Structures are given as C-alpha cells and as structure tokens.
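Hi,

Here is the model I promised to pass on.

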Amino acid sequence: MKLYSAFALAVGAFLSSSPTTAASNMLLMGRDLVDILTEIGVSSKQKQAILKLSDDPDGDYRTDHFTRDESKAALREYLFAEASEGDMDEESVESIASVLGLGAMYPSEAGAEAAAAMLQNGPVDAVYDLATEGNMVRMGRGPSDTFRTSSGSDHFNGIWGYATGGREYALQCHGEGLAIIDVTDPANTFRVQLIPMGGGGIWRDVATHFDETSGKTFAYVGAQGTQGGGNPDLYVIDLSNLSGDVNSPNGENSNPIPAGTAGYQNLGFTGLTHTINVARGLLFLNTAGSTNGCRVYDLTANPRSPSFLFGTGGTSRDCHDSYVRENIDGKDVLFVSDGRGRRERFYDISNVDSSWPAGVVPPLIGSTASISGIYDHESWLSEDNRYLYVFDESNAEDIIVWDVSDLANPVGPIAIMQYSEQGSRDSIPHNGSIRGSYLYASYYTAGFRVFDISNPFLPVEVGKVENFRDPEGNGSRPSQVVTDYLGAWNHHMLPSGNIIINDVMTGLFIVRADPPYAAPDSPAVTAQRETNGDVTLNWNPVANARGYSVERSLDGGANYEVVAEHLVSESFLDISVAGQAATYVVKAVNGEGVAASAEVTSTPGTPTPPPPSPSPPTVTPAPTNAPTAPPTIPSPTVSPTPGPTKAPSRSPTDQPTKAPTVAPVLKYRCEKNNVQLSDTQICDTGIDVDATCSAEDVGLDVSCGGGGRKCRIASCGGGGGPGPTPSPPTDSPPTITPPPTPAPPPPSPSPPTQCPVCGNGDTCCPADGQCQTKGKPRDRACV
C-alpha cells in the first residue's frame, strides 16, 4: 500500500514510499517552478522561501527541484506552517505537493475508511512465474538506427499506430521528431521516414484522425518543452503516401511524405501539447502543468487548419491527458485527467462539432473526489463503462479504480492497485489502456505490465515485458527497477493484435499478448433451503476464476437479476426469498470469458437436509457488505455478463443501460458503526462493544479466508464478547455460547410488530420499533 498507509501517520510525516533519490522532477513538465507557483497563486515571499528550500535554485528548467527526501520534508513543514497561519489555503498546498511529489498533505477520513475495507489495496498477485514474462511474447524491435543521439533530445516518448491495406506502421516520437517505422513484419522492421521537429526532447505525442471528406488519415504531432532545441510546435502529416501493399512496401528511408500541403506542415500552436488526443473529429491538445487545460479544436471543416472550440482550463485544471468514450447512456463523454487537480472531470461533448460556439465549455457531468498526494496523469474506462482506471504519476498510489456507473456521482476508490513487485521494487506507472478484460500499463522501469481486471475489486497480473530491466530478453537483466521516469513510456494496439511499446531509452518493442489461461468452466451449484426460508448456494471452485456472480429469477427463470457479483469464495446466502420459489444461476469469470452454471431452483417448504458436515456450509456475503467495497460506498453493480439460457434482466428499474444496485442479500445482521461486518472482519477483529447483531447469529459458524478455516460468533451486543473462537471439529450441532454476564440479553431476532419491514437496506430499531436509515449515525439508543 502507498498513499493510504499515510492515513495512519501524523499528517506531517513523509511517505515512506517516496524515492530517496531521483534524477529529475518530471512533474514540472519542463516549466520553471516559479511560473507554476505563480499560477497556483502563492505570494512572492512564499516563492522565495520555497526556492530556498530547493535542492538547486539555479537554472531555468530545474529538473532537480525537491528530489531528495530531506528537501521534501522541509517543504512539507513549511507548507503546513503557512496553512496553519492562514497564509496559504489547503488547495494551494495540495497543488504544490502534487507537482513536487510531496505525498499526501490533507488525506480525508472517508478515504482512510474506504481504503481499510478495500479487497485490493496494494501490489496485486502475479499468477505466473516472475522469472518468465507470463502471457507476453516478444515479436521484434525497432531498427537500431532510428535516431541519431544528441544531447538533450535523445528521449523516445509518445507512440501511435497506423494501418493501411496489408501494412502496419509505428508512429514513433522522439526528441528529434517523428519516425515512421514499418512493423508489418515485426522481425524485420525498418524506418520509412524521419520528420525532424523542434523541442520535444522529453515530451512529444502523436494521434491520428480519419477525414471522411478526403478519405485520408492525418497524424497530429505536438510537443512541450524546448529540450533539444527549437520550438515545440504542432505538425499535421498526410499518411496517404504510405504503402498499403503487402507485397510492395516503401523503401527504407525512402521519405515518401513530402513537406508542404501535400505532406507534412508545421501548424504552430507552440508548446500546447504535452499529450494529444483525437476523437469524434476533434483534436485535444492537453497542455499539462498550466491553467490552459485541454484545448479542443474542430478538424472536420479543414484537417490542415484546426479551429478552436473551447478549453477546460482554470485553477487546478491543468489537463495532463484526456480520453473520449462515445455513447455512454446516449452521451459522448470527455474524461479529463487534471494532474495537480488530483481528480478526473467528465464533460458531455455530445453536441460539440464544427458549429459549437467558440469559448463555450460543454456541460460538466461530474468529477471524482480529489485524492491527496497524487498527480492524476491519465485514465482509461473499462469496456462496460463502469470502472475508471486512473494512473498516478506522483508515486503515491499508482492505479486507482473508481466506479463511474453514475458519472454524476462516482464511487470510490473501490480499489488501489500496484504491479506485483511493488513491495520490493518501487516503480511509477505512466500510461494505460484496456482491451477486453485486460489492463495494459506502461510502468516505467517495471516495464510493460498486463492485468486481468475481470474482477475490478481483485485484479491479478498475468504478464509483463521487461523492456527496461532486460531489454534483450535474455534474462541477464543489466538494469534494475528504480523509482525514476525511465523505461516504458507508452504503447499502442495495432489491428493485427500486436502491441508497440516505446521505451524512453531503448525505443521500440513489438510484442503480442497470448491468453494467460482458458476461459473458466461452468460451476456446479447446489441450493439448500434453510429452516428460516433463506437459501444457501454452494458451488465447486473453478480453476482460474477471478470472481463469481449470482443471478436470481423469481418467475421460474423467465427474467433474471444480478443479486451479487465479484464474489471470491464458493458460497452465497440469500436471505430475501422467504416464502418464494427462486431460481439461480452462478457465473464464473476471468479475462478470457464467462461460464454459467445450470439453473438450480429452491422452493419454500420442508428444508433440504444439509450434507454431512461438522459445521453448516460456508457462505459468502454479497458485495454490498463484503470487504470488496468500502463501507461508506454503495455496493458494486451489475456486470454485462451473458445470460445462461435465458437473458437475465439487466435492471429491475427498466433502465437497460444502467446496472441495478445489488440486492441487499446479507449473511449476518451484525453491524459495527452501522456497517455490515464481513466474515473476515468478524474472524480477525472479533465483536466489540460497538457491535450489535441479532440473537440467531450467535453460535453461527463462518468462513475465514482461505484454507477452510472457520470461527464462531461467540456473542453479540452492547456489552461485547470475547470475540470469535475457533470452531472445534465435531459432528454434533454447534453449541451456542451465551454472552458474558455484564452484557445485556440479545435482542429479539425479529422486529416488533409496529416496525414494518424496512426498505432500501434500512434496519429496524427494536428499542422503539422505527426504521433506522442505513449508513446514518444512530440518533437514539438501538440495541
């Protein structure tokens, strides 16, 4: 764990995960620190004080500002002092900390509580031998003579792909310009053309636009920073001169694209492109490190003359990167990663086209909460439009997962993840993308990492490419993972399925991702009706399943709804079907697919005898109250998984594009601070004076983690009990352990007659027979 480990520390303590040394502070984005401090709004006196604390106050581009722990700790102390005296507001403190990598300054209690309940909050598990590269296969490298090397401009950076006919190309950015590499045969790559460009020694990026009028594809290449010399301008390049003939390629260094209106042109737009994005006929110049935000231009009227439409800039709105997803509930949405603003913002750009009035910012749909200490670098949305993966470049969190099923009210973080070796080898993520149920991440010195995210609450790592640590792929590993801005910068997926990766120092890699394992088999499910009418489902463990979902039908299988998902063990208790017949389907999921069980039906009546067992069957709570979601966060919602034999109802509220909330199917009625306790919490922390539960839970065996370990709720109630004790092996029914003498008698297992069944997950307060709103502080005694 990274950032949230700081919640347990004094607010002035510096994060232990911060690097001891680093070669540069890349988050200055090539700009003078004084200019950034001015934009943030600090006074001249404060600027002078901050510069005095810096490692090196000389030079226009201070790459070594605050790269040592000692200087960072001194600056944190100064910023806290200024804020405590009322001379600097907290947002300014947070912005400075984000840009200079100081770590969390004012972490929220809500964030700490959410992190404590996360199923994934730290390095993920690798499900392959780390001595290998898992599911990744190296196909080839870029040509060794792509660029000459010169001081200040020898960095590779952005990359994109272009395919025409039977040929594929890598559009490879570098401090010297853009190289067009033929990668049709990954084992025999060659440079077709180098287009020299100014600036961009560290930051240059590229994206493409297909012009429907001319039928041509244009590449747009922009830069930021003057490293390497010259102006960091924006170029447009007509790619129609590249060969699409699989049997007749352009020759090596044949330079088929001429300068001028028939080929490539310098459009100006100097210094506005830290990163670049093209979507819906719009060009997005992401300025980063400034108040310009994302500057958006129309390309449809004239692709060689972009026309300005609007910008998203402002205080803490520096737009490091942007991303567009079309048709989310009928809206085209612009996702903006606001760097030192430490959050994602979502704009509705459905109506933005060439006729959009210049300067009018489209409607803001919503935003994530800001997270102290991060630098919101880039994001990518899962293919079902539910989960947003945010990449933090400040080395505080790494990858943050938000539930954005409702863009106006994002939930989370629901998970925080780092690559599998983060605990021993600290690296920084840079850029990511998602294809299917796999997240691909350019992870600087940790190389290129691949994650199965079919269960967003518990992702796993399935492969890697050690492009930094072992560029030749021979296992020699001449370099080691370090906390620096070297290694994998970015990547792009080609239509062939090949992936091109740009390494900051060693250039182009062409790789392929193979399936890490087969799709899961169908689980075999049994249903048992308990004496109180509840239904217990059990199923066999499925190899390589990353999670399970439960779908239920109350009309004989005609319509289904998802009542639980992202389960990580093989049982489930449904307490909401007493007196009703219910049909169930359980699905196992991993990155390769979904497998559904046969339908199983339970009808009310005489309970099915339980199978011989020393204890009742293991059951797993729904994610509503399991540790897969923070206690203050609504439960995860429905995955768009295929139906068994009949299509399940996607939503009981007739909103087919919205996923329904998981039904409140609970295993226990035990609570602590109005939050349902999970089996792990009960087993590991016990029941204390703040916990309450109903009498029928006393003596109930519960599962605890892996290995079949079980424990028993010994007592509940205001007086507290000794906590759970291991369940002894016995063939006799479990003995109910009474509460200690000081404890009050357990409450009635059912609410009084004057208290109706409470809706929306609320609970009944037996003290006065009134419904108690779930998640709200108790406003009266309720035991």
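Let's start with a helix pair: α1 passes α4 in a right-handed crossing, where right-handed means that the near helix is turned clockwise from the far one by less than a right angle, and left-handed means anticlockwise. The residues that touch are L33, I36, L37 and I40 on the α1 side and S92, S95, I96, V99 and L100 on the α4 side, with contact meaning heavy atoms within 4.5 Å. Sorted by class, that contact has seven nonpolar, two polar and no charged residues. For the classes, Ala, Val, Leu, Ile, Met, Phe, Trp, Tyr, Cys and Pro count as nonpolar, Asp, Glu, Lys and Arg as charged, and the others, Gly among them, as polar.

Before I go on, some housekeeping. This is a predicted model, in which local features need pLDDT of at least 70 and side-chain atom pairs count only at pLDDT 80 or more, while totals for chains, interfaces and linings use all residues. Residues are numbered from 1 along each chain as its sequence is written, and side-chain values use heavy atoms, with hydrogens and water left out. Helices (H or I, at least four residues) and strands (E, at least two) are DSSP runs, numbered from the N terminus.

Back to the helices. The axes of α1 (residues 33–40) and α4 (residues 90–100) come within 10 Å and cross at roughly 155°. Axes here are lines fitted to C-alpha atoms, for helices over the stretch in contact, and angles run from 0 to 180 degrees between N-to-C directions. α1 and α4 are therefore roughly antiparallel (the cut-offs: under 35 degrees is roughly parallel, over 145 roughly antiparallel, 65 to 115 roughly perpendicular, and the rest oblique).

The other pair is α2 (residues 44–52) with α3 (residues 69–84), which pack at an angle of about 160° with their axes 10 Å apart. α2 and α3 are therefore roughly antiparallel to each other as well, and their crossing is right-handed. Q46, A49 and I50 in α2 meet L75, Y78, L79 and E82 in α3. By class, this contact has five nonpolar, one polar and one charged residues.

How enclosed is α4? Nine of its eleven residues are buried, so α4 is largely enclosed by the rest of the structure; buried means under 20% relative accessible area, exposed over 50%, and partly exposed in between (1.4 Å probe, protein chains only). The buried ones are S92, V93, E94, S95, I96, A97, S98, V99 and L100, and what covers them includes α1, α2 and α3. D89 caps the N-terminal end of α4, with a side-chain oxygen 3.1 Å from the backbone nitrogen of E91. Just after α4, G101 takes a positive phi of about 65°.

Next, some polar contacts (pairs of N or O atoms within 3.5 Å; within protein, one must be able to donate a hydrogen and the other to accept it, and residues adjacent in sequence count only if both atoms are side-chain atoms):

- D574 lies in strand β35 (residues 571–574) and counts as buried at 0% relative accessibility. Its side chain makes a polar contact with the side chain of R552 (2.8 Å) and another with the side chain of Y584 (2.8 Å). D574 and R552 are 22 residues apart in sequence and 9.7 Å apart in space, C-alpha to C-alpha.
- S394 sits in the loop between β21 (387–392) and β22 (399–403) and is buried, at 11% relative accessible area. The S394 side chain reaches the backbone oxygen of G373 at 2.8 Å and the backbone nitrogen of Y375 at 3.4 Å.
- H320 is in the loop between β15 (307–311) and β16 (321–328) and is buried, at 1% relative accessibility. From there, the side chain of H320 reaches the backbone oxygen of H377 at 2.9 Å.

Finally, the backbone geometry. Most residues other than glycine have a negative phi, and most peptide bonds are trans. Which residues go the other way?

- F269 has a positive phi of about 50° although it is not a glycine. F269 lies in the loop between β11 (264–268) and β12 (275–279) and is partly exposed, at 23%.
- R280 has a positive phi near 55°. R280 is in the loop between β12 and β13 (282–286) and is partly exposed, at 24%.
- G412 and P413 are joined by a cis peptide bond, with omega about 5°; P413 lies in strand β23 (residues 411–418).

Cheers
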